Amino acid sequence: MPAQGRFDVDLKPASEAGDPVSRMTIAKTFEGDLTGTSRGAMLAVRTDTEGSAGYVAIERFEGSLNGKSGGFALQHYGIMDRGAPSLSVQVIPDSGSGELEGIAGTMTIDQSSGDHRYSFEYRLP
C-alpha cells in the first residue's frame, strides 16, 4: 500500500567538532498519510572528495499510518558518490507495534522541491 506526505527534520550534533565520524540526533514530525513523530540517531562521514559521503541512521516512528495507530523502526543507508545519491530506507523486521504490528516496507525521500517529502510503500499482515 502507498503512503505519501512531508516531514520536518531537526538534526542536532552529538559528537565533538573534528571527530572523524559525526553523530547526530534526529527528531522528525510527519504529515500526510503518516502522522506522528520519530526519534533516532545518525552516523555520517564526509570525505575529502567534494560530493562524497555516507550515513547510516535508525529512527523509531510513533503515530498513525492511514488511520492505524502504532509504531515501527526505520533503518537508513545513504551514499553520495561524487554528487550521485543512493538511499535505502527500510522498515526493520518485527519492529511494528499496535495496529502496525507485522509492518514491512521501504521509504523514499525527495528533497528536490526544498522540503522533505516521503513516499512509503508498505504492507501489513
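## Strands, rings and a surface patch

Gly5 has Gly32 in strand 2 as its bridge partner. Helices (H or I, at least four residues) and strands (E, at least two) are DSSP runs, numbered from the N terminus. This is a predicted model, in which local features need pLDDT of at least 70 and side-chain atom pairs count only at pLDDT 80 or more, while totals for chains, interfaces and linings use all residues. Residues are numbered from 1 along each chain as its sequence is written, and side-chain values use heavy atoms, with hydrogens and water left out.

Let's begin with the strands. Strand 1 and strand 2 run antiparallel and are joined by 9 bridges; two strands pair if DSSP finds at least two bridges between them. Strand 2 also pairs with strand 3, again in the antiparallel sense, over 9 bridges. Here Ser22 has Ala44 in strand 3 as its bridge partner. A hairpin with 1 residue between its strands is formed by strand 2 and strand 3.

Now for the aromatic rings. The whole structure holds 6 aromatic pairs. Rings of Phe, Tyr and Trp (its six-membered ring) pair if their centres lie within 6.5 Å, and planes under 30 degrees apart count as stacked, over 60 as edge-to-face and the rest as tilted. Two of the pairs are set out here:

| Pair | Centre to centre | Angle between planes | Class |
|---|---|---|---|
| Phe7 and Phe30 | 5.3 Å | 35 degrees | tilted |
| Phe120 and Tyr122 | 5.5 Å | 25 degrees | stacked |

The pair of Phe7 and Phe30 is tilted because its planes lie at 35 degrees. This pair links distant parts of the chain, with Phe7 in strand 1 (residues 2-13) and Phe30 in strand 2 (residues 22-32), 23 residues apart. Both Phe7 and Phe30 are buried, where buried means under 20% relative accessible area, exposed over 50%, and partly exposed in between (1.4 Å probe, protein chains only). Phe120 is buried as well, at 0%, and Tyr122 is buried at 4%. One aromatic cluster takes in Phe7, Phe30, Phe61, Phe72, Tyr118, Phe120 and Tyr122.

Finally, the surface. Val21, Leu43, Val45, Val56, Tyr77 and Ile79 make up a nonpolar patch there, with about 460 Å² of accessible area together. Strand 3 (34-46) and strand 5 (68-81) are the elements that give two or more residues to the nonpolar patch. Accessible areas come from the Shrake-Rupley method with a 1.4 Å probe, and for residues only the protein chains shown count as cover. Tyr77, in strand 5, is partly exposed, with a relative accessible area of 48%.

Terms used:
Patch = residues over 30% accessible without salt bridge, like charges linked within 9 Å, V, L, I, M, F, W, Y side chains within 5 Å. Salt bridge = Lys/Arg side-chain N within 4 Å of Asp/Glu carboxyl O.
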